[in-house]
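Biologist: Please take a close look at the aromatic and nonpolar side chains of this model. What do they form, and with which partners?

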Amino acid sequence: VLEGAQWLITLPFGIGAALCGAVYAPTVVAGVHHMYSALEAGLISNSGFNTWMPIATAANVGQGAAALALALKTKNSKVKALSLSAFLGITEPAIFGVNIRYIKPFVAGMIGGACGALIAGWTGIGATAYGVTGLFGYLITTDDTLQYTLVIGVAFVVSFVTSWMLYHDEKTPGEKTAARKQ
């Protein structure tokens, strides 16, 4: 499994990393994302370098940015509170509380996660430890701070803009009636 994951991550032009960044969020939904700890430990023990962590960060930030775009557009105060945890590496509130519920932000997060992971693949960034993503990931990517910032920035911007463009707040029944009368 480790060799297969290493092969996928290192496909030319960052293609494998982008695929991993896109499918990371669905593995969170399925609950199988805990397997990545073993993958990261294997990567570090083989090479001393964890190339999976920046990919996971891109996916997490992508989901958070997509949820944030929806939170800024919606009038629903419950939805607004759920988006910020993903930037600290905890995506479940954003994914289950917002993105899956509205589907389009989930897809936007996957697209942004793939784009950020593509940058991770292009730059060859890696971490020196495992188990932490998001903003705390700067602690274990100290040799690649600029590249890590680029991964986060691309994942954030692509997800946010895509979610912003795709999501439109649903009208309440009273608003629909008023719109018909005009």
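Modeller: Tyr24, Tyr36 and Trp52 form one aromatic cluster, where rings of Phe, Tyr and Trp (its six-membered ring) pair if their centres lie within 6.5 Å. The model is predicted, so local features require pLDDT of at least 70 and side-chain atom pairs pLDDT 80 or more, whereas totals for chains, interfaces and linings use all residues. Residues are numbered from 1 along each chain as its sequence is written, and side-chain values use heavy atoms, without hydrogens or water.

Tyr24 and Trp52 also belong to the largest nonpolar core, where they are among the residues with the most contacts, together with Leu39, Ile55 and Val151. This core has 34 residues; a core joins buried Ala, Val, Leu, Ile, Met, Phe, Trp, Tyr and Cys through side-chain atoms within 4.5 Å, buried being under 20% relative accessible area, exposed over 50% and partly exposed in between (1.4 Å probe, protein chains only). Helix 4 (52-73) is among the elements giving two or more residues to this core, and its share of 10 residues is the largest. Helices are DSSP runs of H or I of at least four residues, numbered from the N terminus. Beyond four places in sequence, Val151 is in contact (heavy atoms within 4.5 Å) with Pro54, Ala58, Gly116, Ile119, Ala120 and Ile125.

The whole structure holds 7 aromatic pairs. In one of them, Tyr102 and Tyr167 lie 5.5 Å apart centre to centre, with 80 degrees between the planes. This pair is edge-to-face, as planes over 60 degrees apart are so classed, those under 30 as stacked and the rest as tilted. Tyr102 is in helix 6 (residues 92-102), and Tyr167, 65 residues away, is in the loop between helix 8 and helix 9 (173-181). Tyr102 is buried at 17% relative accessible area, and Tyr167 is buried at 5%.
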